[in-house]
Amino acid sequence: MAALAPSVAAVRLAVRRALTALAGDGPVLVACSGGADSLALAAATAFVAPRLGRRAGLVTVDHALQAGSDRRAAAVADWAATAGFTPAEAVRVDVAGRPGGPEAAARQARYQALVEAARRHGAAALLTGHTRDDQAETVLLALARGAGPRGLAGMPPRRDLSGVPLLRPLLDVTREQTRKACAALGLTPWEDPHNTDPSYARSRVRADVLPALVRALGPAVLDNLARTARLVATDTAALDALAAAALAPPDPAVLADPAAAVGGAGGPPPADVRVPGGGLSVEGLAGLAPAVRTRVLHAWARELGAAPAALSHRHVAALDALVTDWRGQGATHLPGGIRVVRRAGRLAATDPIA
């Protein structure tokens, strides 16, 4: 018997690790464009899932942005059916009229279609083929636009997507490995022309920036960027947890016995950030570390109704200035016509602008 190609083994192992920890008994649904990354993922899932007692399905999304895209989607679905996927379907989406640039609009349409397919088939999870190289590109793009730790944390291996678990099993697998896996399995990937279109920022990073970094710093730079994302993600999760605790309603037991908040070992009680009647205490906010305070303000702004996509660093910085740089300034304006003022030692939202 021929030895298993190392690239095939690497992809299968990554999928097995992701599926072994998956709860529920529903099928897993692979999102497959037909490119090397998602095709290698699909082939590995078709092999691994049945051996774990789980059914595998596949959906490919036709964005209808290129001539012949419907034929490409149909070909992927046909291959999936022969490979044992149930369901194996192609879904067409309408990208026109969606907010953001073409990349954002296509991504929004794609994920909406994937979530709908997952719900329709009772899927336990969606699987996407993002690789270590995609993670490195994401970190570089986040650096370029001045993103904070959340952006530098890159793509998580698992996240909730409108109530559907989204898994990225291949974040520790390289793009070269997925291409080699396809070759070893006799699969011919589809080459998306958008991936080499210089009008897209990610395409320029892929074609020019990453190769230049590898030439200048060596191939380990890709692993280092991906590892940076993992480390930042861990720190970000810890800070988010502290912010959530600070923003939570006070625990009556802690109010009665502050030492209970620190296991009886003494020390300061948690910050009393929320105030009766609504709003946030300026004194409580000022007592938080800056990294925690800005997260509290960001989360609170979302509670008030500010759309996450429109809520930017400058909005949070303006809220923070009401706490740390108070000079009697007027209201801070948030997306959605929300106005926040500092009054009587607290931050409070006023009536939205009509």
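**Close-up views of a predicted model**

**View 1. The contact between helices α5 and α9.** In α5, the residues Arg132, Asp133, Gln135, Ala136, Val139 and Leu140 meet Leu222, Asp223, Leu225, Ala226 and Ala229 of α9. Sorted by class, this contact of α5 with α9 comprises 7 nonpolar, 1 polar and 3 charged residues. The model shown here and in the other views is predicted.

**View 2. The crossing of helices α5 and α9.** Two packed helices are described by the angle between their axes and the distance between the axes. Helix α5 spans residues 132-144 and helix α9 spans residues 220-247; their axes come within 8 Å and cross at roughly 70°. The two helices α5 and α9 are therefore roughly perpendicular to each other.

**View 3. The open sheet.** The sheet is built from 6 strands in the order β3-β2-β1-β4-β6-β5, and its pairing is mixed. Strands β3 (88-92) and β5 (158-161) form the edges, each pairing on one side only. From one strand to the next, the twist averages 30°.

**View 4. The pairing of strands β1 and β4.** Strand β1 (residues 28-31) pairs with strand β4 (residues 125-127) in the parallel sense, over 3 bridges. Leucine 29 stands opposite leucine 126, which lies in β4.

**View 5. Helices α3 and α4 on the sheet.** Helix α3 (residues 69-82) packs on the sheet and touches β2 (56-62) and β3, with its direction at about 175° to that of β2. Helix α4 (residues 102-120) also packs on the sheet, where it touches β1, β2, β3, β4, β5 and β6 (164-167). The direction of α4 makes about 150° with that of β2.

Methods
Residues are numbered from 1 along each chain as its sequence is written. This is a predicted model: local features need pLDDT of at least 70, side-chain atom pairs count only at pLDDT 80 or more; totals for chains, interfaces and linings use all residues. Side-chain values use heavy atoms; hydrogens and water are left out. Axes are lines fitted to C-alpha atoms, for helices over the stretch in contact, and angles run from 0 to 180 degrees between N-to-C directions. Helices (H or I, at least four residues) and strands (E, at least two) are DSSP runs, numbered from the N terminus. Angles under 35 degrees count as roughly parallel, over 145 as roughly antiparallel, 65 to 115 as roughly perpendicular and the rest as oblique. Contact means heavy atoms within 4.5 Å. Ala, Val, Leu, Ile, Met, Phe, Trp, Tyr, Cys and Pro count as nonpolar, Asp, Glu, Lys and Arg as charged, and the others, Gly among them, as polar. Two strands pair if DSSP finds at least two bridges between them.
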